[in-house]
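I wanted a record of what I looked up in this structure, kept in the order in which I looked.

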Amino acid sequence: MSHHTRYTMANGAPVPNDDVSLTAGERGPLTFDNWRLFEKLAHFNREQIPERVVHARGSAAFGTFTLSDDLSDITIADFLNKAGKTTPVALRFSTVAGGQDSGDNVRDVRGFALKFYTEQGNYDIVGNNTPVFFIREPSKFPDFIHTQKKDPRSNLVNWQNRWEFWANHPQAFHQVTILMSDRGIPYSYRTMNGYGSHTLSMWNRDGERVWVKWHFKTNQGIQNVTDEQALTLAPDHHQRDLFSHIENGDFPSWTVKLQVMTEAEARAYRINPFDLTKVWPHADFPLREIGQLELNRNPDNYFAEVEQLAFSPSNFVPGVGASPDKVLQSRLWSYADAHRYRLTANYAQLPVNRPHCPVNHYQRDGLMAGMHREDGQYSLTNFYPNDRVENGAPVPAPEFIEPPMPLEEEAWVGYFDNSEDDNVSQAGNLYRSFDEGQRERITNVIGSTLVDVSASVQQRVIAICSAADPDYGTRVEAALAAHTQKAVSDHI
Ligand code: HEM
């Protein structure tokens with residue numbers, strides 16, 4: 001008797017032969033009863049699903065968050081109470097602009113999307129490797145991304161499109177200054193920091209809310225590469241590096257820190273704390289260390305556990321919440337919508353997205369609804385309220401009602417233009433913190449990418465850099481002139 005694993009059809013029945021198909025005679029055509037062949041070919045046609053519209057190319061791993069500081073002073077969040085508590089996590093890193101089969105070593109922001117599988121549900125922090133973002137107005141996001149991705153006609157990266165967007169949005173220049181700096185190309189996903197970027201919130205048992213920013217500091221040390229060094233790395237270096245280190249037991253980790261601001265401090269602070277293009281200077285709001293994040297397990301199946309891994313900034317648990325940041329607010333809606341399109345209505349039931357705690361609600365059915373009573377997760381009742389609470393029908397928990405969120409101003413509904421809200425001072429501060437070598441390199445990168453861009457955009461970029469810091473503008477202008485000269489001499 002054979003001890004081999006039996007090869008079966010999707011219905012579980014044994015496959016007697018997968019080497020040849022049924023044909024009419026040795027040389028003859030296929031017959032219509034080739035259901036085994038047809039099942040195989042039909043499933044193959046459906047192996048792919050839409051890739052993420054942004055952050056399509058990524059790598060993920062699983063691990064643990066260990067709390068080192070009890071945060072019950074600022075939050076009731078179960079996973080943040082009681083030092084020493086551990087919570088399973090999934091962390092997906094990504095590039096932003098490229099498709100799933102693009103290269104890893106590009107000058108681009110990196111995604112840093114973290115899912116805490118807490119005992120009170122999944123909490124997602126869907127951040128980046130930078131503490132700020134290009135825009136503070138969400139309606140600009142699709143336009144912005146169109147300029148970062150391939151040009152619709154040439155199907156190539158187009159620096160005119162990119163710089164034209166940035167020149168028209170000086171608010172982008174803090175992030176542009178990070179992107180064009182040494183941090184623009186991380187050596188690997190292990191050697192970069194992560195940031196929640198947005199201002200988020202926490203609230204405690206007394207109903208007091210604080211605003212927080214999350215920081216994840218790499219314990220591997222920051223390591224970046226130049227454009228030239230990037231060309232020497234394997235195109236799939238990020239995936240290779242992360243996968244092999246974890247496979248070899250060399251687990252990457254990050255020290256987790258928070259900046260905390262009270263509501264009263266927020267009202268008085270000179271910087272709008274909900275402006276995603278701004279950091280909170282550490283001198284004003286020092287970092288509080290709260291724990292360690294370690295990645296120690298590779299996915300068993302990339303498609304099931306990474307391609308289908310679905311994050312949303314709206315995945316909150318009791319004790320944590322959003323903030324009035326307009327970009328965050330739009331993201332609270334956008335991600336679940338993307339998942340419903342990409343993974344269908346019941347994406348939350350996929351094993352990698354399923355909370356590690358019971359799920360009990362009255363939503364039912366839909367495409368690929370896989371959970372039934374036998375999971376012990378759904379009660380028989382599909383309506384609420386009902387008279388069946390004693391039989392286990394789920395009821396809301398009023399003790400978790402979030403304290404009302406304050407509006408910090410006399411709030412009239414309308415279109416408020418914030419495009420002129422101090423676009424350059426933090427870009428300037430960052431530039432001034434660079435040493436000579438860093439200044440040389442960033443202005444050289446900007447100059448080289450501006451060469452083929454229209455004169456009007458070049459001039460506006462130089463003007464915005466100059467407004468951030470005169471030396472910044474002067475050097476970009478000089479670098480552009482040098483690269484233009486070189487481009488000309490290369491052609492004669
Ligand atoms: C209006 C602003 C934004 C919109 C509408 C938006 C929308 C999206 C969408 C639709 C996806 C694909 C989701 C999927 O199919 O799984 C995505 C992915 C992502 N976004 Fe955003 N985004 C915005 C801003 C941001 C910001 C500010 C950050 C970081 C601070 C960010 C970080 C990410 C990350 C890390 C991913 C990949 C998540 C993963 O690994 O699956 N996005 N975004």
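**Entry 1: the model**

I noted before anything else that this is a predicted model. I read the local features with that in mind.

**Entry 2: around the ligand**

Which residues come nearest to the ligand? I found 26 residues around it, and Arg 52, Arg 92, Asn 128, Arg 331 and Tyr 335 come nearest.

I then went through polar distances. For Arg 52, an N or O atom of the side chain is 2.8 Å from an oxygen atom of the ligand. Arg 342 has a polar side-chain atom 3.3 Å from a ligand oxygen atom. With His 55, the ligand atom is a nitrogen, and a polar side-chain atom of His 55 lies 3.4 Å from that nitrogen.

**Entry 3: the largest pocket**

I looked up the pockets next. Rolling a probe the size of a water molecule over the atoms shows where empty space is left.

The largest pocket holds about 1400 Å³ of space. I listed 43 residues in its lining, and those nearest its centre are Pro 355, Val 359, Asn 360, His 361 and Gln 363. Two elements give two or more residues to this lining, strand S4 (121–128) and helix H9 (326–342). H9 gives the most, with 3 residues. By class I wrote down 24 nonpolar, 14 polar and 5 charged residues for the lining of the largest pocket.

**Entry 4: the second largest pocket**

For the second largest pocket I have about 1000 Å³ of space. Its lining has 41 residues, with Val 53, Val 54, Phe 141, Ser 334 and Tyr 335 nearest the centre. The elements that give two or more residues to this lining are strand S2 (86–95), strand S3 (110–118), S4, helix H2 (141–148) and H9.

Which element gives the largest share of this lining? H9 does, with 11 residues. The lining of the second largest pocket divides into 22 nonpolar, 12 polar and 7 charged residues.

**Entry 5: strand S3 and its partners**

I picked S3 from the list of elements and checked its pairing. S2 and S3 run antiparallel and are joined by 7 bridges. Within that pair, Leu 91 has Leu 114 of S3 as its bridge partner.

S3 and S4 also run antiparallel, with 8 bridges between them. Here Lys 115 has Asp 124 of S4 as its bridge partner. S3 and S4 form a hairpin, and 2 residues lie between them.

Is S3 buried or exposed? Its residues are buried, 9 of the 9, so S3 is largely enclosed by the rest of the structure. In a regular strand the side chains alternate between the two faces of the sheet. I therefore sorted the residues of S3 by side, and both faces are covered. On one side Arg 110, Phe 112, Leu 114, Phe 116 and Thr 118 are buried, and on the other Gly 111, Ala 113, Lys 115 and Tyr 117 are buried.

**Entry 6: Asn 105**

Asn 105 sits in the loop between S2 and S3. Its relative accessibility is 12%, and the cut-off for buried is under 20%, so Asn 105 counts as buried.

**Entry 7: backbone checks**

- The peptide bond from Tyr 384 to Pro 385 is cis, with omega near 0°. Pro 385 is in the loop between H9 and helix H10 (425–433).
- Ser 197 is not a glycine, yet its phi is positive, about 65°. Ser 197 belongs to the loop between strand S5 (194–195) and strand S6 (200–203).
- Met 368 also has a positive phi, near 60°, in a residue other than glycine. Met 368 is in the loop between H9 and H10.

Definitions and conventions
Residues numbered from 1 in each chain as written. Predicted model: local features only at pLDDT ≥ 70, side-chain atom pairs only at ≥ 80, totals over all residues. Heavy atoms only, no water. 1 Å grid on protein atoms, 1.4 Å probe; cavity = no way out; pocket = protein on both sides within 12 Å on 5 of 7 lines; lining within 4 Å. Points joined across faces, edges and corners; volume = space filled by probe spheres on them. Helix = DSSP H or I, 4+ residues; strand = E, 2+ residues; numbered from the N terminus. Nonpolar A, V, L, I, M, F, W, Y, C, P; charged D, E, K, R; others polar. Buried < 20%, exposed > 50% of the residue type's maximum accessible area, 1.4 Å probe, protein only. Pairing = 2+ DSSP bridges. Near = heavy atom within 4 Å. Polar contact = N/O pair within 3.5 Å; in protein donor to acceptor, adjacent residues only side chain to side chain.
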